[in-house]
Amino acid sequence: MNKKFILILLCISSILITGCSSSKQIDKASIAETITVGEKDGKTCYTFFLLSSSDSPVFTSVFAESFEEACEKAKSEYIPNLSLSKLELFITEERLADKTFKTDIKYMSEKPYFSPLMYVTLCDANLTEKLVNDKMLPKQVEEHLVLIKNKSKGLSVNSLSIFNNFFSDINQEFSVSYINSNNELKVETKVIKDEK
Amino acid sequence: MQTKIKFPSKRLLLLIFLAGISVILLECFNLPKNASFLFNLFSLVCAFSLTALFFIPSAIIKSRTDLDFMSYAHIKTPNAIIFVSAFYCLYFVYTAEYFLIKYCDMFYKKLNSEADIFAVALVLLAVCVYAGYKGTNAIGRCSIFIFSFSFVAFLLIFSGNISNLEINTTEFLFRGQKSDFINNTSFFLTTSFTAVIFAVLSGFTKNFRPRQIAFSVGITAVLFALIMFFTSFVLGEYAFAQDYSCFLLSKTAHFGNVEGFDSLYLSISALTVFLVISLILNCICKSTGKSSSFPIVLAFAVIIFVLFICAYNFNEVKVLLTNHYILNILTFISAVVIPTFYLFSGRKLNE
């Protein structure tokens, strides 16, 4: 009985050893939940919204040409313990879609810490400004995305689906969600045409 | 500390099934981009048919004599057994190294790139030395728990991906190239190393029926086919962006807002590689003529660890030790050529 117990304990410890080796103290880790891509002073700006207990959003903005560069810059200069594995929402301003959208999606698909089910959407310029003042806004955006996803079956709302549409040989165009925040939040669809 | 009481053959075949699935969990092999699902399925069926054939010589020995291959060889050629033992020991060291490197690579790429990979290998080997010393029976009992855990994990991964399925009818066309077929078949054939484990350890079992082999290999093939199916119809192009498609499937599985079962994938990988290396250490013991010996298990674990250090310091060694073509050739010799030679020349050797 004792031997069985030791054997089971060893099996369980082999799981725990592998599973917890990359653990970080929650208070020391800077967990990004939402990232927006906007434009400030004519430059592309990536804003990392971090998990926090404060009432107002905690965020860091980084000027970069791509998401890859933004992540590297953020880690080396501003947020050394940045964790991207819990990223739930990636919002890009529509006017920057041609410039950054495809390369950012490609970068995310190549890194194992990003979830393929992360919500990815386009938005108007107002939303990125509103997000820095309203902590609840990302949750509302996600709720809207869930609703529109259930309604429109062909709509691509996560990075897995958008990547497949960008890089498969079949589709020349596909639809992604677009958040219109002029009066109240409203989700529309935008067609993306991609040259294969 | 292997007991002399024989355990049911079904349990060894359960072990073999779990050892077999480690191949698809630990391989960073991607299916060919231009080959269709049907084409890949065809190569899978071919590879698993070959794997089943690899079991035949040792199954015949077991059915006729109730002995494993090493005991049979010891009786037939007591003077030449040292060469056979040496070859099998080398084969098992190579196989253990193959899986240890694959596991540590996966650990580094998917779990923690900052971890000390030598410490990971050392801890894993230490656990395996203990299990290897305890014997196949003890590992077999442990496998029941691992099987239950794996069953639940795969059930969650597959059912969590059903909502992501996008059936693309072009995948059901037979499309692919000869080189893709060779690559695929060779990759899937890696699971045939289990035939050598069966050949060496089957002596500890009772109530053997050939259909148990067919069942074990068949279930492994079905599992591989399911992983391939979900890879093709859930991940699509995304599968080529990263290694380890099974890991990606565990990340895409979700039930409503509950998502990301990658920890389950990592746990099954750790458990199956633990089983593989423990069984191999046990096989090494058996090949040296002892059912269980702590000094032998420890000595070979040290050899495996030293080779592992060499592999991580010299890339050429690593490439050589993780080549599945070499593993398949060695498996073919160990599972088919040598046992068949003993089977056909049995009478002459007796004389």
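1. B:Ile338 is buried, because 20 other C-beta atoms lie within 10 Å of its own. The classes are set by that count: 20 or more other C-beta atoms within 10 Å make a residue buried, 12 or fewer make it exposed, and values in between make it partly exposed, with C-beta atoms placed from the backbone. The model is predicted: local features need pLDDT of at least 70 and side-chain atom pairs count only at pLDDT 80 or more, whereas totals for chains, interfaces and linings use all residues. Residues are numbered from 1 along each chain as its sequence is written, and chains are lettered from A and ligands numbered from 1 in the order in which they are written.

2. B:Ile338 belongs to helix α15 (residues 324–344) of chain B. Helices (H or I, at least four residues) and strands (E, at least two) are DSSP runs numbered from the N terminus. Apart from neighbours within four places in sequence, B:Ile338 is in contact with B:Val84 and B:Ile333; contact requires C-beta atoms, placed from the backbone, within 7 Å. From B:Gly132, 206 residues away along the chain, the C-alpha atom of B:Ile338 is separated by 25 Å.

3. As a whole, chain B contains 16 helices and four strands, and 51% of its 351 residues count as buried. The C-alpha trace spans about 65 × 45 × 40 Å along its principal axes. Of the contacts in chain B between residues at least 6 apart in sequence, 85% join residues at least 24 apart.

4. The radius of gyration of chain B, 20 Å, agrees with the value near 20 Å for a compact globule of 351 residues. This radius is taken over C-alpha atoms, and the globule rule is 2.2 Å times the number of residues to the power 0.38.

5. Which residues form the contact between α11(B) and α12(B)? The two helices pack at about 145°, with axes 7 Å apart. Contributing residues are B:Cys246, B:Phe247, B:Ser250 and B:Lys251 from α11(B), together with B:Asp262, B:Leu264 and B:Tyr265 from α12(B). Axes are lines fitted to C-alpha atoms, for helices over the stretch in contact, and angles run from 0 to 180 degrees between N-to-C directions.

6. The contact between the chains takes 30 residues from chain B and 22 residues from chain A. Elements giving two or more residues to the chain B side include α5 (81–111) and α7 (136–161). The largest share of that side, six residues, comes from α12(B).

Technical notes
Contact = placed C-beta atoms within 7 Å.
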